[in-house]
Amino acid sequence: METTSEENREQSQEEKGCFECCIKCLGGVPYASLVATILCFSGVALFCGCGHVALTGTLTILENHFSKVTSDHAMLTDVIQLMQYVIYGIASFFFLYGIILLAEGFYTTSAVKELHSEFKTTICGRCISGMFVFLTYILGIAWLGVFGFSAVPVFLFYNMWSTCTAMRSPVANLTNVDTICVDIRQYGIIPWNAAPGKACGSTLGDICNTSEFYLSYHLYIIACAGAGATVIALIHFLMILSANWAYLKDASRMHAYQDIKLKEEQELHDITSRSKECLNSYT
């Protein structure tokens with residue numbers, strides 16, 4: 001019976017130790033950085049994936065309905081292909097950058113520093129943290145521009161969709177539907193000599209009913225929302241990095257104060273020891 005009770009006591013102590021270890025490890029997770037990383041990955045994935053497919057659908061619509069001569073939209077085709085390659089680069093860069101910021105969040109979490117009591121901040125570490133703050137600030141401004149730019153195709157597609165909706169509406173009471181047109185050339189997407197360059201009446205209605213138009217329109221909306229989510233994630237990262245940098249700065253000052261205090265205590269201890277030795281020798 002005594003052996004059984006001792007084994008149960010040891011088992012309960014082991015379970016308690018594992019529970020405390022798990023709680024301590026969970027306390028070391030930078031949840032703010034984790035949420036910002038997930039939001040950043042989701043926003044970039046939506047923007048890159050939906051934007052890539054929407055650009056392809058836009059090019060198909062232009063080739064089939066607005067610019068049937070290849071030479072008229074050759075420059076636009078090159079620009080769209082270049083933007084798709086840029087999308088590949090953005091996705092790869094932000095995948096790596098998000099992981100780096102998440103790792104930086106782990107190493108600057110106070111709970112992790114409690115696990116490693118000998119951890120001390122260095123000038124290099126503070127410089128790296130400050131560099132991340134500056135880089136994230138620049139990327140945030142850049143993504144604000146991307147967010148604004150991604151709203152442009154949403155506006156263009158919305159104009160076409162609202163025009164088609166107005167033509168089909170019984171309240172409009174239109175006598176001649178063919179007089180309602182959408183001219184893509186006025187937006188500067190294709191040159192003025194592109195043929196036909198515009199769509200009117202039933203042709204415009206057929207364009208709005210195609211799967212390419214419906215899919216591209218909604219994908220542009222999702223891509224714009226993804227760009228907005230990325231902006232929010234970068235702002236979140238900026239607040240986290242600023243707080244971490246301030247923490248590192250305060251921790252550096254605290255370590256310097258503790259070093260000075262330890263040296264003074266050591267000197268005081270040495271002086272006291274020498275005084276006792278001199279008193280003993282005199283006695």
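Which residues of H3 are buried? They are Leu76, Thr77, Ile80, Gln84, Ile87, Phe94, Tyr97, Gly98, Leu101, Leu102, Glu104 and Gly105. Buried means under 20% relative accessible area, with a 1.4 Å probe and protein chains only.

This is a predicted model, in which local features need pLDDT of at least 70, side-chain atom pairs count only at pLDDT 80 or more, and totals for chains, interfaces and linings use all residues. Residues are numbered from 1 along each chain as its sequence is written, and side-chain values use heavy atoms, leaving out hydrogens and water.

The protein has seven helices and two strands. Their order along the sequence is α-α-α-α-α-β-β-α-α. Helices (H or I, at least four residues) and strands (E, at least two) are DSSP runs, numbered from the N terminus.

| Property of the protein | Value |
|---|---|
| Buried share of the 283 residues | 33% |
| Accessible surface (Shrake-Rupley, 1.4 Å probe) | about 17800 Å² |
| Carbon and sulfur share of that surface | 66% |

Helix H3 covers residues 74-107, which is 34 residues. At 1.5 Å a residue it should span 50 Å, and its end C-alpha atoms are 50 Å apart, so the two agree. The expected span is 1.5 Å times one less than the number of residues.

The whole structure holds 14 aromatic pairs. Phe94 and Tyr97 have ring centres 6.4 Å apart and planes at 80 degrees, so they pair edge-to-face. Rings of Phe, Tyr and Trp (its six-membered ring) pair if their centres lie within 6.5 Å; planes under 30 degrees apart are stacked, over 60 edge-to-face, the rest tilted. Phe94 and Tyr97 sit three residues apart in H3, about one turn. Both also belong to an aromatic cluster with Phe47, Phe93, Phe132 and Trp143.

Definitions and conventions:
Buried < 20%, exposed > 50% of the residue type's maximum accessible area, 1.4 Å probe, protein only.
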